[in-house]
Amino acid sequence: MAQIQESFVEESNAEKILAEAVKKSEEIEKDIAINPKKYKVLTGDRPTGRLHIGHYFGSLKNRVRLSKMGVPTMILIADYQVLTDHDAFESISQNTKQLVIDYLAAGIEVSDDVFIYPHSHVPEANQLMIPFLTLVSSAELDRNPTVKDEILKSGMKSVNAGMLTYPVHQAVDILFCKGNVVPVGKDQLPHLEVARLIAKRFNKKFSPEKPIFPEPHALLSKTPMILGLDGASKMSKSLGNTIMLCATEDETAKAIKKAKTDQERHITYEPETRPEVANLLRIISLCTGEEPQAIAERIGDGGGGMLKNTLTEVLNEELRPLRQKRAELEKDETYIKKVLNDGVFKARQIASKTLEEVRTAMNMNI
Ligand code: TRP
């Protein structure tokens with residue numbers, strides 16, 4: 001254990017980890033278009049509800065792009081992980097289906113190597129949790145900055161063990177299918193660090209001649225963070241500052257009308273001093289591809305009203321096909337269930353193979 005802790009301390013320098021992740025992410029980005037089959041993308045979301053435009057621009061569009069490039073892409077719905085900080089479990093199944101609808105409406109096309117599944121339905125993968133737990137120390141789990149932050153934010157009085165150990169389960173998510181690229185935001189880097197440590201330690205201890213697990217890396221999103229319509233914090237449903245993908249065009253217009261701007265009439269792009277206006281300009285830019293600066297210049301004396309009208313128009317246009325598809329999918333629960341069942345079937349096939357390899361490496365065959 002002493003050795004394990006040392007290597008973690010050495011690697012736990014957050015800045016160094018971020019710099020390395022950015023570098024690695026850029027290397028992968030360059031290579032992935034040329035060699036899409038060298039990679040296996042694994043991403044996931046907790047089923048907390050329907051998705052909003054922050055998810056759409058920050059991660060969904062990127063997943064669609066990667067899968068269209070021919071990269072095998074597995075999308076998991078973390079319905080076990082969501083139990084760590086959500087008391088409500090009544091709506092998990094419904095939320096899972098809503099996530100699938102959002103993914104498909106955004107352009108994910110399921111195929112032989114692109115699939116969606118809830119991780120609670122893959123028992124063979126979940127078996128890996130037990131040996132993986134023996135490869136990390138409790139001190140390492142205690143130190144995870146993302147987990148610490150979640151504990152603080154949730155205000156929980158006593159920390160359930162699932163909260164401390166879910167990063168190990170996330171390593172299971174990533175490693176059971178030998179995923180080597182994980183498109184995530186910066187907050188997930190500590191979890192990738194855990195997955196890499198477990199992969200390395202497992203290979204070293206149980207299978208030094210023939211490594212079983214690859215070391216997975218983050219693919220960091222290039223999209224600037226979208227703030228909520230309050231312009232103050234990350235877009236998040238619990239803060240009520242979102243535009244949902246499933247909103248109607250009218251609801252979208254109303255939400256944008258209420259968005260916070262500032263006193264100055266003339267529109268300029270100044271992220272430091274005018275974060276609210278800058279945020280709206282950036283969302284327009286994500287829809288049209290035009291630079292925020294240029295959009296600001298064009299609007300100029302048109303002021304906040306014109307800024308909001310422009311945003312409403314381009315955002316509704318960007319989301320129109322998605323929303324149409326969404327409405328159709330919503331009517332077809334049989335198809336949504338089929339997508340999930342097919343995904344579970346594929347995930348279980350992969351997981352069974354990995355579990356067999358793992359048992360052989362650990363001398364557990366009978
Ligand atoms: N922790 C992720 C989140 O909160 C969800 C997640 C679970 C995930 N398993 C994963 C992300 C595996 C990437 C890979 O958003």
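Predicted model: local features only at pLDDT ≥ 70, side-chain atom pairs only at ≥ 80, totals over all residues.
Visitor: How far apart are the end C-alpha atoms of helix α15, and what should its 29 residues span?

Guide: Helix α15 covers residues 333–361. At 1.5 Å a residue, its 29 residues should span 42 Å. The distance between the end C-alpha atoms agrees with this expectation, because it too is 42 Å.

Visitor: Against which elements do the buried residues of α15 pack?

Guide: The buried residues of α15 include I336, V339, L340, G343, V344 and A347. Further along, A351, T354, L355, V358 and A361 are buried as well. Residues three or four places apart in an α-helix point the same way, because there are 3.6 residues a turn. The partners of the buried residues of α15 are β2 (73–77), α4 (92–106), β3 (114–118), α5 (123–126), α10 (189–206) and α14 (303–330).

Visitor: How many aromatic pairs are there, and what is the angle between the planes of F115 and Y117?

Guide: The count comes to 7 aromatic pairs. F115 and Y117 form a tilted pair, with 5.9 Å from centre to centre and an angle between the planes of 40°.

Visitor: Are F115 and Y117 buried or exposed?

Guide: Buried means under 20% relative accessible area. By that cut-off, F115 and Y117 are both buried.

Visitor: Which geometry does the pair of F132 and F213 have, and how many residues separate the two?

Guide: The ring centres of F132 and F213 are 5.6 Å apart and the planes stand at 80°, so the pair is edge-to-face. It links distant parts of the chain, with F132 in helix α6 (residues 129–133) and F213 in the loop between α10 and β5 (217–220), at a separation of 81 residues.

Visitor: Which residues form one aromatic cluster with F132 and F213?

Guide: F132 and F213 are both buried. The cluster that holds them also contains F202 and F206.

Visitor: Which side chains have an N or O atom at 3.1 Å, 2.7 Å and 2.9 Å from the ligand?

Guide: The residues surrounding the ligand are L42, G44, R46, A78, Q81, Q170, D173, V182 and Q188. R46 also lies over the face of Y166, at 4.9 Å from the ring centre. An oxygen atom of the ligand is 3.1 Å from an N or O atom in the side chain of R46. For nitrogen atoms of the ligand, the distance of 2.7 Å belongs to a polar side-chain atom of Q81, and that of 2.9 Å to an N or O atom in the side chain of Q188.

Conventions. Residues numbered from 1 in each chain as written. Heavy atoms only, no water. Helix = DSSP H or I, 4+ residues; strand = E, 2+ residues; numbered from the N terminus. Expected span 1.5 Å × (residues − 1). Buried < 20%, exposed > 50% of the residue type's maximum accessible area, 1.4 Å probe, protein only. Contact = heavy atoms within 4.5 Å. Phe/Tyr/Trp six-rings, centres within 6.5 Å; stacked < 30°, edge-to-face > 60°. Lys NZ or Arg CZ within 6 Å of the ring centre and 35° of its normal. Near = heavy atom within 4 Å. Polar contact = N/O pair within 3.5 Å; in protein donor to acceptor, adjacent residues only side chain to side chain.
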